[in-house]
Amino acid sequence: MRTVAGPNRGSRSLLWAAILFVLTLFVSMAVGEMPQLPATVRVPIALVPALIFAYFIYQQRRQLDTGDELEQRIQLEALSIAYPLTFLLLVILGQLERVITLNPEDWDYSHIWPFVFIFYIVGLMIARKRYQ
């Protein structure tokens with residue numbers, strides 16, 4: 001039985017998956033910037049964070065499936081905020097790119113994905129505040 005006071009095993013697994021994702025992301029970014037290494041080394045290392053993030057998604061789904069109805073509702077509301085905001089960001093960037101040249105050093109994929117995470121965190125804060 002899960003207690004309110006402390007994190008359960010699923011929460012710890014989710015936290016460790018998130019930490020491992022961030023660590024492997026930084027390592028893969030550093031290795032990716034080493035042109036002296038062949039692509040056969042850099043490409044697999046670049047994909048490791050994606051595998052870790054897939055595990056994170058799996059853990060999050062497991063935790064959501066075993067969570068109570070309130071937590072499920074909070075997560076759904078957070079996603080219902082984050083997804084449209086992500087879509088809005090992509091529409092804005094797509095439309096701007098039609099009329100001006102966006103600097104790829106500022107607006108490539110590696111700069112956009114953190115916004116998706118930020119939108120989800122904002123959605124979580126809004127949803128948790130609503131159900132306090």
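Mentor: Helix H2 (39–66), helix H4 (104–107) and H5 are among the elements that cover the buried residues of H3, where helices are DSSP runs of H or I with at least four residues, numbered from the N terminus, and buried means under 20% relative accessible area, with exposed over 50% and partly exposed in between (1.4 Å probe, protein chains only). This is a predicted model, in which local features need pLDDT of at least 70 and side-chain atom pairs count only at pLDDT 80 or more, while totals for chains, interfaces and linings use all residues. Residues are numbered from 1 along each chain as its sequence is written, and side-chain values use heavy atoms, with hydrogens and water left out.

The buried residues of H3 are Ile-74, Gln-75, Glu-77, Ala-78, Ile-81, Ala-82, Thr-86, Leu-89 and Leu-93. The 31 residues of H3 should span 45 Å at 1.5 Å a residue, and the 46 Å between its end C-alpha atoms agrees with this, the expected span being 1.5 Å times one less than the number of residues.

Within it, Ala-78 touches Tyr-120, Gly-123, Leu-124 and Ala-127, leaving out residues up to four places away in sequence, a contact being heavy atoms within 4.5 Å.

As for the aromatic rings, those of Phe, Tyr and Trp (its six-membered ring) pair if their centres lie within 6.5 Å, and planes under 30 degrees apart count as stacked, over 60 as edge-to-face and the rest as tilted; by this rule the count comes to 6 aromatic pairs. The pair of Phe-53 and Phe-56 is stacked because the ring centres are 5.4 Å apart and the planes stand at 25 degrees. Both residues lie in helix H2, 3 residues apart, about one turn of the helix, yet Phe-53 is partly exposed at 35% relative accessibility, whereas Phe-56 is buried at 16%. Trp-107 and Phe-115 also form a stacked pair, 6.2 Å centre to centre with 20 degrees between the planes; Trp-107 is partly exposed at 34%, and Phe-115 is partly exposed at 30%. Phe-53 and Phe-56 belong to one aromatic cluster with Phe-21 and Trp-113.

Methods
Helices (H or I, at least four residues) and strands (E, at least two) are DSSP runs, numbered from the N terminus.
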